[in-house]
Every structure is written in C-alpha cells, then in structure tokens.
Amino acid sequence: MKLHFSVNWISAGVSLAISLMLLVTFAALNNTTEIKENVAQVQHTSQTLNTLTDFYAAMTVAESARRGYIFLGSQQDLDRYQTAINNIKNDLNLLDIQIHENINQRQRLNNLKSLFNQRLALLEESIKLYQKDENAWQRQNKITELSVKLREQIITIFLEIQGEEQSYLKTYLQQSENGIHLRIIIEIIGTFLSLLVICILCFVIESF
C-alpha cells in the first residue's frame, strides 16, 4: 500500500513537471511569434521612414536642380532634375504600399500627392518657360513664389506623416521590448517551478 502510494506521488509529480514544461514551451513559442511580428512591423515602419526621408531629399534636389538650370542653362542640372523627379514618383509609389493603413495617414498621403503634382506642374512650367524665353524673370519669380508656398504645405503634411509613422515605430519597439522581458520571466518562472517539482519528488522518494 505504501509502495502504491509512493508510485502515485511520483507519477503525479512527473506529470506535473511535464505539464509545466509543455506550458512554458507553449507560452515561449507564442511569445516568440509575437516578438517576430513586432520585429517585422519595426522593419516595415523603418523602411517607410527611410522612404519619407528619400522623398524629402529628392524634392530638395529637384528644386535645386531646377534653379541651377534656369539660372545657368546647365544640361547636367536638367538631368539631375529629371532623376530627382523620377525618384520622387518612385518614393510616392512606395509610400502608397508602405504607409500604415488608417484614414488619417491615407488622407495625408493623398494630399501630399496632390500638392506634389501641383508643384511639379509649376516646375515643369518654369523649365519650359526658360527654354522658350530665358529672360522671363518676372514670371519665373512668380513661379518660384508659388512653388515655395506649395513646398511649405508639403513639408507640413510630410512632418505629420513622419510623426505618425515614428509613433508606430515607438509602439512596436516598446512591444518588442516587453515581449522579450515577458519571455525571460516565463522561462525563469517555468525553470523555478520545474525545479521545485523535482525537489518535491526527491523529498517524497526519500521519505518512503
């Protein structure tokens, strides 16, 4: 009878230890999946922010090259302008895919595209005007003034989009950090409980 009781205790202890290990393993795997998802979101949002930075840089280059062309007539500046415009269009296409899908961000991006198209039309008008009449400085100055105003509006929306994406990035980084801390806690608690069960089993075995 005593032997039978001892075997039951040992069996129960072994079952409990195995259950704890399985529970810890399941929790760790689930936590790992969440960490991977957060890391993927961090990478995606970082790419979006990089694209935004590239867009801003290309916009600056386009304006600089346009001014260089109409003041100096440099073909190199015209080529640089065309390259920058193509880069801007590519960046906007990327942002259309990368940006977080919420109503505010989508609306901001649509406004950004609309303002860019308006500014592009002005820049193109400036270049064509120069090719037609190199001395039409009064009209060129007017185009520049309108372009600067549009640029200010673009920057405002750009900063709003960037701020929202940075907020997402901060959230995902925090979630990843919390996930890693949670996994450490799970593994520590799981190891402690498993050792506790094993110690109790050893005590029971010694008692019999």
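Trainee: Where is T60 placed?
Mentor: T60 is found in helix α1. A helix here is a DSSP run of H or I with at least four residues, a strand is a run of E with at least two, and both are numbered from the N terminus. This is a predicted model, in which local features need pLDDT of at least 70, side-chain atom pairs count only at pLDDT 80 or more, and totals for chains, interfaces and linings use all residues. Residues are numbered from 1 along each chain as its sequence is written, and side-chain values use heavy atoms, with hydrogens and water left out.

Trainee: Why is T60 called partly exposed?
Mentor: Buried means under 20% relative accessible area, exposed means over 50%, and partly exposed is in between (1.4 Å probe, protein chains only). T60 has a relative accessible area of 34%, so it is partly exposed.

Trainee: Which pattern does the protein follow along the sequence?
Mentor: The pattern reads α-α-α-α, with 4 helices and 0 strands. Of the 208 residues, 36% count as buried.

Trainee: How do you know that the span of α3 agrees with its number of residues?
Mentor: The expected span is 1.5 Å times one less than the number of residues. Helix α3 (residues 103-132) has 30 residues and should therefore span 44 Å; its end C-alpha atoms are 43 Å apart, which agrees. At the start of α3, a side-chain oxygen of N102 comes within 3.1 Å of the backbone nitrogen of N104.

Trainee: What makes D96 and R106 a salt bridge?
Mentor: The rule asks for a side-chain nitrogen of Lys or Arg within 4 Å of a carboxyl oxygen of Asp or Glu. Between D96 and R106 the closest N and O atoms are 2.4 Å apart, and the pair forms a salt bridge. It links distant parts of the chain, with D96 in helix α2 and R106 in helix α3, 10 residues apart. The structure holds 10 salt bridges.

Trainee: Which parts do E164 and R108 tie together?
Mentor: The side chains of E164 and R108 meet in a salt bridge of 3.7 Å, N to O. E164 lies in helix α4 (residues 137-207) and R108 in helix α3, so the pair connects parts 56 residues apart in sequence. There is also one network in which salt bridges with shared partners join E63, R66, R67 and R119.

Trainee: Why does F71 count as exposed?
Mentor: F71 reaches 55% relative accessibility, so it counts as exposed. F71 sits in helix α1 (residues 2-72), and its C-alpha atom is 9.0 Å from that of Y130, 59 residues away along the chain.

Trainee: Which residues make the nonpolar surface patch?
Mentor: F71, L72 and W137 make it, with an area of about 360 Å².

Trainee: Where is confidence lowest and where highest?
Mentor: The pLDDT is the predictor's confidence in each residue, from 0 to 100. Confidence is lowest in α1, at a mean of 76, and highest in helix α2 (residues 75-98), at 93. The protein averages 81, and 75% of the residues score at least 70. Where pLDDT is low, the predicted coordinates should not be read in detail.

Notes. Polar contact = N/O pair within 3.5 Å; in protein donor to acceptor, adjacent residues only side chain to side chain. Patch = residues over 30% accessible without salt bridge, like charges linked within 9 Å, V, L, I, M, F, W, Y side chains within 5 Å. Areas by Shrake-Rupley, 256 points an atom, 1.4 Å probe, with all protein chains shown as cover.
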